[in-house]
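Subject: Structure for you to look at

Hello,

Here is the structure I promised to hand over, with the sequence beside it.

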Amino acid sequence: MTETVTGPKSYFPSIEAKYGKSIDEWIAALRPLAGQKHMEQVAFLKEHGMGHGHANALVHVFRAEHDGA
């Protein structure tokens with residue numbers, strides 16, 4: 001049985017499809033920004049063509065699960 005993904009991670013399939021990179025690649029791109037403010041990290045992703053909602057979801061997971069805060 002497959003578990004339904006909710007919350008910010010529910011955006012991950014559409015982020016990968018729309019922007020052509022895996023979530024791991026986006027997390028790696030964010031890694032040098034670890035410790036910066038949430039909105040600075042979001043702005044970085046938006047500068048790379050990502051929409052605000054997708055960027056916000058990815059940064060949320062980066063900060064919570066990948067030592068990005």
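Gln41, leaving out residues up to four places away in sequence, touches Leu30, Leu33, Ala34, Gly35, Gln36, Val59, Phe62, Arg63 and Gly68. Please bear in mind throughout that this is a predicted model. Gln41 lies in helix H3, and with a relative accessible area of 0% it counts as buried, because the cut-off for that word is under 20%.

Helix H3 covers residues 38–47, and its buried residues are Gln41, Val42, Phe44 and Leu45. When you look down the axis of H3, these buried residues fall within an arc of 155°, so they line one face of the helix. They pack against two other helices, namely H2, which is made of residues 23–30, and H4, which is made of residues 52–65.

Is Met50 buried or exposed? Its relative accessibility is 3%, so Met50 counts as buried. Once its neighbours within four places in sequence are left aside, Met50 is in contact with Ile15, Tyr19, Trp26, Leu45, Ala55 and Leu58. As for distance, Met50 and His66 are 16 residues apart in sequence, and their C-alpha atoms are 20 Å apart in space.

His52 has its place in helix H4 and is partly exposed, with a relative accessible area of 39%. Not counting residues up to four places away in sequence, His52 touches Met39, Val42 and Lys46. From C-alpha to C-alpha, His52 and Val42 are 7.2 Å apart in space, and they are ten residues apart in sequence.

His54 is found in helix H4 as well, but this residue is buried, with a relative accessible area of 14%. Which residues does His54 touch, not counting those up to four places away in sequence? They are Tyr11, Ser14, Ile15, Lys18 and Tyr19. Ile15 and Tyr19 are also among the contacts of Met50.

In the segment after H4 you will find Asp67, where phi is near 55°, a positive value in a residue other than glycine. At 70% relative accessibility, Asp67 counts as exposed.

Finally, here is the chain as a whole. Its secondary structure comes to four helices and zero strands, and from the N terminus on its elements run α-α-α-α. The radius of gyration is 12 Å, close to the 11 Å that the globule rule gives for 69 residues, so the chain is as compact as a globular protein of that length. Along its principal axes, the C-alpha trace spans about 40 × 25 × 20 Å.

Buried residues make up 30% of the 69 residues in the chain. Among contacts between residues at least 6 apart in sequence, 51% join residues at least 24 apart. The chain exposes about 4400 Å², and carbon and sulfur atoms supply 52% of that area. On the side of charge, there are 7 positive and 8 negative side chains, and the centres of the two sets lie 7 Å apart.

Best wishes

Note on methods:
Residues numbered from 1 in each chain as written. Predicted model: local features only at pLDDT ≥ 70, side-chain atom pairs only at ≥ 80, totals over all residues. Heavy atoms only, no water. Buried < 20%, exposed > 50% of the residue type's maximum accessible area, 1.4 Å probe, protein only. Arc of directions from axis to C-beta. Contact = heavy atoms within 4.5 Å. Rg over C-alpha atoms; globule rule 2.2 N^0.38 Å. Areas by Shrake-Rupley, 256 points an atom, 1.4 Å probe, with all protein chains shown as cover. Lys, Arg positive; Asp, Glu negative; His and termini not counted. Charge placed at Lys NZ, Arg CZ, Asp CG, Glu CD.
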